[in-house]
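Good morning, colleagues. Please look at the model first.

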Amino acid sequence: MMRKKQYECMILFDVQLSEEERAEKIDEIKRIIKSDKENEVLKTIDLGIKPLAYPIKKRKNGYYYLFYFVADTKSTARIHNKIKYLEGILRFLIVSSTEDIINEQEKVQEEETEQKEEAKEAEVKEEIRSN
């Protein structure tokens, strides 16, 4: 069994893609990442339209989208090879991630659980007071 690592993939979409086309590409990229059933998309971030440092394919702006995922090294090579043939993508880069998204997500879930429990306790106390 291969060792899983956390990666991030920055995708630079052509700004001429419609919102629907871009959403389809994002879904397709998620499917590509998950094509190996052991892989998991942890988080996606829509960074929006930003100016490019230099023109790419005669475009001065690009639509940036960031994916955080867990995969093994062989999977990342397959993911790279599939993404590079997708239409509407100006550039992309997959790198090993230094952000600890997994622990970050666990902390957020714990905080949400604590907040829900506190809210329930407050409701119970309020109910007791009103009786």
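A nonpolar core is a set of buried Ala, Val, Leu, Ile, Met, Phe, Trp, Tyr and Cys residues joined through side-chain atoms within 4.5 Å, where buried means under 20% relative accessible area with a 1.4 Å probe, protein chains only. The model is predicted: local features need pLDDT of at least 70, side-chain atom pairs count only at pLDDT 80 or more, and totals for chains, interfaces and linings use all residues. Residues are numbered from 1 along each chain as its sequence is written, and side-chain values use heavy atoms, with hydrogens and water left out.

The largest nonpolar core has 21 residues, and Ile11, Phe13, Ile29 and Ile83 have the most contacts inside it. Two or more residues come from each of β1 (5-14), α1, β3 (59-71), α2 and β4 (89-96); these elements are DSSP runs, helices being H or I of at least four residues and strands E of at least two, numbered from the N terminus. Strand β3 gives the largest share, five residues.

Which residues does isoleucine 83 touch, not counting those up to four places away in sequence? They are Cys9, Ile11, Ile29, Ile32, Ile89 and Phe92, contact meaning heavy atoms within 4.5 Å.

I turn to the helices. The axes of α1 (residues 19-34) and α2 (residues 73-83), lines fitted to C-alpha atoms over the stretch in contact, come within 9 Å and cross at roughly 150 degrees. Ile29, Ile32 and Ile33 of α1 meet Ile79, Lys82 and Ile83 of α2. By class, that contact has five nonpolar, no polar and one charged residues, with Ile counted as nonpolar and Lys as charged.

Technical notes:
Axes fitted to C-alpha atoms, helices over the stretch in contact; angles between N-to-C directions. Buried < 20%, exposed > 50% of the residue type's maximum accessible area, 1.4 Å probe, protein only.
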